[in-house]
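Hi,

Here is the structure I promised to pass on. Have a look at it first, and then read my notes below.

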Amino acid sequence: MSANDSGARRALEQPITRRKLLAAGAIGGVGLATGGSALALQTRSASPAEHATHHDMMAVGDIRPGAFDPTAYLTQFDYGKESRLPSGQVLREYELVAEDREIEVAPGVFYPAWTYNGQVPGPTIRCTEGDRIRVRFVNRGRHPHSVHFHGIHPANMDGAFEMVPPDGSYTYEFDAEPAGLQLYHCHTVPIKRHIHKGLYGVFIIDPPGGRPPARELVMMMNAFDTNFDNENEIYAVNTVAFHYQKYPIQLRKGELTRVYLVNITEFDLLNSFHLHGNFFRFYRTGTDLERFEWTDVATLAQGERCVLEFTYKHTGPFMFHAHQSEFAELGWSGIFDVREAPHV
Amino acid sequence: MSDPALAAPEAVTRGGSRRIPSWLLGIGPLVLLALAVALFLRAGPVGVFTQAFPPVEELTIERVALPEPGLLEISVVNGGPEAVTIAQVFVDDASWVHSVGGDRTVDRLERRKIRVPYPWVEGEPHTVTLITSTGLTFSETIAVAVETPRADARYLSTFALLGTYAGVIPVLLGLLWLPFLRRLDRRWLDFFLALTVGLLIFLGVDALVEAFDTSARVAGAFQGTGLILLGLVGTPLVLAGLGSYRRESGAGRTPLYVATLVAVAIGLHNLGEGLAIGSSYATGEIALGTFLVVGFLIHNTTEGLGIVAPLGSERPGLGRLLALGAIAGVPTVIGAWIGGFSSSPLWTTLFFAIGAGAIVQVVFELGRLLVRGSAGRALSPLNAAGVLAGLMIMYATGIIVGG
């Protein structure tokens, strides 16, 4: 997905937008809870005076540079090391390493996470239905872990019973099926803790013919219980609270956008995705390419996922957030900055 | 030790250490202690401690003020052993923009003020939560949001009036029992002295319980319990010291002296009460209903009786009586003023403890008066009934205040 990668880079190379929307982030926090709409946000963020007055109040700050970048994560897909088996079947080889690492879940708030490859969520594993998947898992953490893939595979490839001790390793090998949006996570008990500490990632199995070309984005709805009282303090998509509110995701008017949305939120029964100023095609689990629901709120229980497709008719900043207002106000909200398509 | 024969051998054995000056002997252990601390910090097993345990963070939110609509002001103190970094602020489970007055990292015993532009709703509760860099949270709830009073004429006069009603008027009314007391014979006068003892014991325990209540909100390093001990034990010691100085200078333990002591003790108690009323009002924890003021009016009238009870056989001038009433009642006003704008659990705890301590001393003095007057039968059935009656009066009038 080199097209998507360069799209993300383009988005990051626009400092003016970024600064403008820093202010929007500040106002957005206020506007949201006071019942302000995206329209109000748009008009207020356009005023430089507002920017100046709200800049000091942006004491919420920013995450450390060099840490996990949620903007890059949106479009990073790991297709593995590709080769062919004697039978002609495509073989994709991946490596997942469990390690303990402190991550920043909101500006200045650090969380002692357990990670796959040092990041939360882990890398997005992507393949095509029918590919042979081989994942070498190495545990460099201080607790036993495993990798449990959702999908159809043999019992001993399920990661539910074969726990990998610290410094141990295990190789999972199976044929990727069914096509759709899957996920992987640690299945070591206590499962609750192994998940909310950060051991999860997205697993995309493309249908053999692929999906229509689109701007593709991966969003993992996650949350963090930073004080370990079995309730979440910080909510987000892709770990960092309010990240896409501060650094909006650039979209083009008329461009098809596809969001791979997964809910891994622990402790809360449901999480959701609400899109402003638009409706989307809601493909539950992404397994059926034909049938969808036409709606603007996708509600998912823990472990559920869906593929969303939409195209913006208007330009401007549009919010997207959990429609559980509490989650939205504790970090799970962002902005799509929709602009005119470039004239070619 | 007056026998030189006994003293001499001791002097010989101690002679060996005489060569070292005594100031050095006194200070020596302290120097060694400082060395031990320095050694521990430099090379000791501190590394083991910091690695094995999670960081100990303790932030205490001392006060959440609502200076104007749309603004919260959180006062916080770090009473824990280590520096704490305030990362984010949540209000009612919503992450909110804010500014910290000073560095986000709060060193031990340092304070910060955090301003949060939050549209708080009058009359409704709000909860503020500080989340630190390690993800720990510290919360405080405003029971009923009302704009924090400013030190303007309206506020000052409101609380002056409140303090006057709750503290000054009842005490002065109580003083009017003096002519009645003068007509009583010795036995019944003692009964009223005993009754005063009962009243004061009730107030003392009340003050102590209040002190323990507020001490729970005192930042750890300032040791709420230690403050209570200082006030409770220190105050009677200071008062007793002053009393003995007075006796040495020939003034003696006159009834007026005891009455003044009672007034001072009640005044100190009322200062704490004023602080509590002011800060509860400021943080919306009490609505100043008519009923509450009436309750205080009735409740505190008994305090006036307590002051004049020792004066049953005296003829003090009107000025003197008014002075006694002022000593006991005016601190309520002062306390309410201070409590309204800048109370902290620390000062409220300390003043309640001082009030309780003063009462301990006064109960002791009143007891002496009773013993002196009753030829060893201080706890006659009538006096015992007096103490009990004092407790019951306070209990009954306390119901009106409603805790």
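**What I found**

In chain B, B:Val100 sits opposite B:Ile114, a residue of β7(B). That pairing belongs to a two-bridge link between β5(B) and strand β7 (residues 111–116) of chain B, which run antiparallel. Before I go on, please keep in mind that this is a predicted model.

β5 and β7 are part of an open sheet of four strands in chain B, ordered β1-β2-β7-β5, with antiparallel pairing. Which strands stand at the edges? They are β1 and β5 (99–100) of chain B; each has a single partner strand, so one side of each has no neighbour in the sheet.

Chain B splits into domain 1 (59–142) and domain 2 (153–401). The C-alpha centres of these two domains of chain B are 36 Å apart. Where they touch, domain 1 of chain B puts in ten residues and domain 2 of chain B puts in eight. On the domain 1 side of that contact, strand β1 (residues 59–68) of chain B gives the most, with four residues. By type, the residues on the domain 1 side are four nonpolar, three polar and three charged.

You will find B:Asp92 in the loop between β3 (84–91) and β4 (95–96) of chain B. Is B:Asp92 buried or partly exposed? With 18 other C-beta atoms within 10 Å, B:Asp92 is partly exposed, since a residue needs 20 or more to count as buried.

**A helix in chain B**

Helix α6 (residues 186–215) of chain B has 30 residues, which at 1.5 Å a residue should span 44 Å; the end C-alpha atoms are 43 Å apart, and that agrees. In α6(B), 21 of the 30 residues are buried, so this helix is largely enclosed by the rest of the structure.

**Over to chain A**

Chain A has an open sheet of five strands in the order β13-β21-β20-β15-β18, with mixed pairing. Its edges are β13 (249–252) and β18 (297–301) of chain A, each with a single partner strand, so one side of each is left without a neighbour in the sheet. On average, neighbouring strands of this sheet are turned by 25° against each other, direction ignored. Within the sheet, strand β15 (residues 270–275) and strand β20 (residues 316–321) of chain A pair in the antiparallel sense over two bridges. A:Leu275 has A:Phe320 in β20(A) as its bridge partner.

- The peptide bond from A:Glu177 to A:Pro178 is cis, with omega near -5°; A:Pro178 is in the loop between β8 (169–175) and β9 (180–185) of chain A.
- A:Val189 and A:Pro190 are also joined by a cis peptide bond, with omega about -5°; A:Pro190 lies in the loop between β9 and α6 (191–196) of chain A.
- A:Thr285 is not a glycine, yet has a positive phi of about 60°. A:Thr285 lies in the loop between β16 (280–284) and β17 (293–295) of chain A, and is partly exposed, with 15 other C-beta atoms within 10 Å.

Cheers

Methods: Residues are numbered from 1 along each chain as its sequence is written. Chains are lettered from A and ligands numbered from 1 in the order in which they are written. This is a predicted model: local features need pLDDT of at least 70, side-chain atom pairs count only at pLDDT 80 or more; totals for chains, interfaces and linings use all residues. Two strands pair if DSSP finds at least two bridges between them. Axes are lines fitted to C-alpha atoms, for helices over the stretch in contact, and angles run from 0 to 180 degrees between N-to-C directions. Domain bounds come from an automatic or database domain assignment. Two residues are in contact if their C-beta atoms, placed from the backbone, lie within 7 Å. Ala, Val, Leu, Ile, Met, Phe, Trp, Tyr, Cys and Pro count as nonpolar, Asp, Glu, Lys and Arg as charged, and the others, Gly among them, as polar. The expected span of a helix is 1.5 Å times one less than its number of residues. A residue is buried if 20 or more other C-beta atoms lie within 10 Å of its own, exposed if 12 or fewer, and partly exposed in between; C-beta atoms are placed from the backbone.
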